[in-house]
Amino acid sequence: MKHLTYYADPMCSWCWGFAPQIDRVVERFGDRLPIIPVMGGLRPGTTETMSNELKAKLRGIWTQIHERTGQPFDFSFFERDGFVYDTEPACRAVVAVRETKPELALKVMRAIQQAFYEEGRDTTDADVLADLAKAAGMERALFLPAFNSAEMIAKTAGDFRLGPSIGVTGFPTLMAEESDGTSLLVTAGFAQLEEQLPALEAWLGGG
């Protein structure tokens with residue numbers, strides 16, 4: 001079955017900037033062209049708290065993305081002390097949903113993005129992630145055992161290896177995939193998708 005593979009990280013700011021473009025694809029194609037998220041692992045396993053230098057760098061990037069895309073950001077994030085910017089838990093949350101309730105995976109990813117960037121919530125926290133999954137339609141009693149399982153930890157690590165193994169070097173990256181395993185690059189990095197949508201329509205209808 002033809003589908004799109006979306007290499008991303010819920011705590012990648014450019015992926016948050018790209019979120020409305022993903023929405024446009026969903027609105028245009030719906031179930032005709034599924035989007036399967038694969039987690040990139042922007043900062044997995046980070047243990048050090050954010051330095052002032054990193055905060056300054058990220059503030060500049062967030063400002064740039066906001067100005068280019070209009071996506072909202074909660075800049076009070078940079079007043080937080082002691083935050084460890086580990087993206088593995090958020091990625092694992094998406095993987096856990098994808099492997100358990102695949103129809104909710106994109107919705108949960110979007111909820112994590114919004115919670116982190118727009119609402120300033122701590123999306124490294126399992127309870128926060130469970131609340132977001134529940135709001136998206138997956139009960140905590142189903143989400144938390146999956147999220148905490150060795151299987152999902154391993155599957156998330158597998159996601160992190162997959163992108164680099166096929167040449168993905170950054171996020172967001174969107175690939176059009178054929179059932180025989182062949183693929184076509186839609187975009188590597190942020191892009192407006194106006195021109196790509198008709199091309200995807202033609203590709204989808206091409207047999």
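Which helix does Ala96 lie in? Ala96 lies in helix H3. The views below come from a predicted model.

**View 1**
Is Ala96 buried or exposed? Ala96 is buried, with a relative accessible area of 0%. Setting aside neighbours within four places in sequence, Ala96 is in contact with Met138, Phe143, Ala146, Phe147 and Met152. Phe78 is another matter. Ala96 and Phe78 are 18 residues apart in sequence, and their C-alpha atoms are 29 Å apart in space.

**View 2. Helix H3 packs against helix H7.**
The two helices pack at an angle of about 105 degrees. Their axes are 9 Å apart. H3 and H7 are therefore roughly perpendicular to each other. From H3, the contact uses Glu88, Cys91, Arg92, Val95, Ala96, Arg98, Glu99 and Thr100. From H7, it uses Met152, Ile153, Lys155, Thr156, Asp159 and Phe160. What kinds of residue make up the contact of H3 with H7? Six are nonpolar, two are polar and six are charged.

**View 3. Helix H7 and its buried face.**
Helix H7 covers residues 150-165, which is 16 residues. From first C-alpha to last, H7 reaches 23 Å. That is close to the 22 Å expected at 1.5 Å a residue. Which residues of H7 are buried? They are Met152, Thr156, Asp159, Phe160 and Gly163. Seen down the axis of H7, the buried residues fall within an arc of 95 degrees, so they line one face of the helix. An α-helix has 3.6 residues a turn, so residues three or four places apart point the same way. The buried residues of H7 pack against strand E1 (3-8), strand E2 (35-39), helix H3 (88-100) and helix H6 (140-148). Turned away from this buried side is a face with the exposed residues Ala150, Arg161, Pro164 and Ser165.

**View 4. The chain after helix H7.**
Just after H7, Gly167 takes a positive phi of about 95 degrees. Further on, a cis peptide bond joins Phe171 and Pro172. Its omega is about 0 degrees. Where does Pro172 lie? Pro172 is in the loop between H7 and strand E3 (173-177). For background, most residues other than glycine have a negative phi, and most peptide bonds are trans.

**View 5. Helix H1 beside helix H2.**
H1 spans residues 13-29, and H2 spans residues 52-69. They pack at an angle of about 10 degrees, with axes 10 Å apart. H1 and H2 are therefore roughly parallel to each other. Ser13, Trp14 and Gly17 of H1 meet Ile61, Trp62, Gln64, Ile65, Arg68 and Thr69 of H2. The residues in this contact divide into four nonpolar, four polar and one charged.

**View 6. Ser13 in helix H1.**
Ser13 is buried, with a relative accessible area of 9%. Which residues does Ser13 touch, not counting those up to four places away in sequence? The contacts are Ile61, Trp62, Ile65, Phe73 and Tyr117.

**View 7. Helix H4 and its buried residues.**
H4 runs over residues 105-118, giving 14 residues. The helix reaches 19 Å from its first C-alpha to its last, close to the 20 Å expected at 1.5 Å a residue. Ala105, Val108, Met109, Ile112, Gln113, Ala115, Phe116 and Tyr117 are buried in H4. What do these buried residues pack against? Their partners are E1, H1, E2, H2, H3 and helix H5 (126-136). Just after H4 comes Gly120, with a positive phi of about 70 degrees.

**View 8. Ala133 in helix H5.**
Ala133 is buried, at a relative accessible area of 0%. Leaving out residues up to four places away in sequence, Ala133 touches Val108, Met138 and Phe143. Leu104 is 29 residues from Ala133 along the chain. Their C-alpha atoms are separated by 8.6 Å.

**View 9. Ala191 in a loop.**
Ala191 sits between strand E4 (183-188) and helix H8 (196-204). Why does Ala191 count as buried? Its relative accessibility is 16%, and buried means under 20%. Not counting residues up to four places away in sequence, Ala191 touches Phe18, Gln21 and Gln196. Ala191 and Leu106 are 85 residues apart in sequence and 19 Å apart in space, C-alpha to C-alpha.

How values were computed: Residues are numbered from 1 along each chain as its sequence is written. This is a predicted model: local features need pLDDT of at least 70, side-chain atom pairs count only at pLDDT 80 or more; totals for chains, interfaces and linings use all residues. Side-chain values use heavy atoms; hydrogens and water are left out. Axes are lines fitted to C-alpha atoms, for helices over the stretch in contact, and angles run from 0 to 180 degrees between N-to-C directions. Helices (H or I, at least four residues) and strands (E, at least two) are DSSP runs, numbered from the N terminus. Angles under 35 degrees count as roughly parallel, over 145 as roughly antiparallel, 65 to 115 as roughly perpendicular and the rest as oblique. Contact means heavy atoms within 4.5 Å. Ala, Val, Leu, Ile, Met, Phe, Trp, Tyr, Cys and Pro count as nonpolar, Asp, Glu, Lys and Arg as charged, and the others, Gly among them, as polar. The expected span of a helix is 1.5 Å times one less than its number of residues. Buried means under 20% relative accessible area, exposed over 50%, partly exposed in between (1.4 Å probe, protein chains only). The arc is that of the directions from the helix axis to the C-beta atoms.
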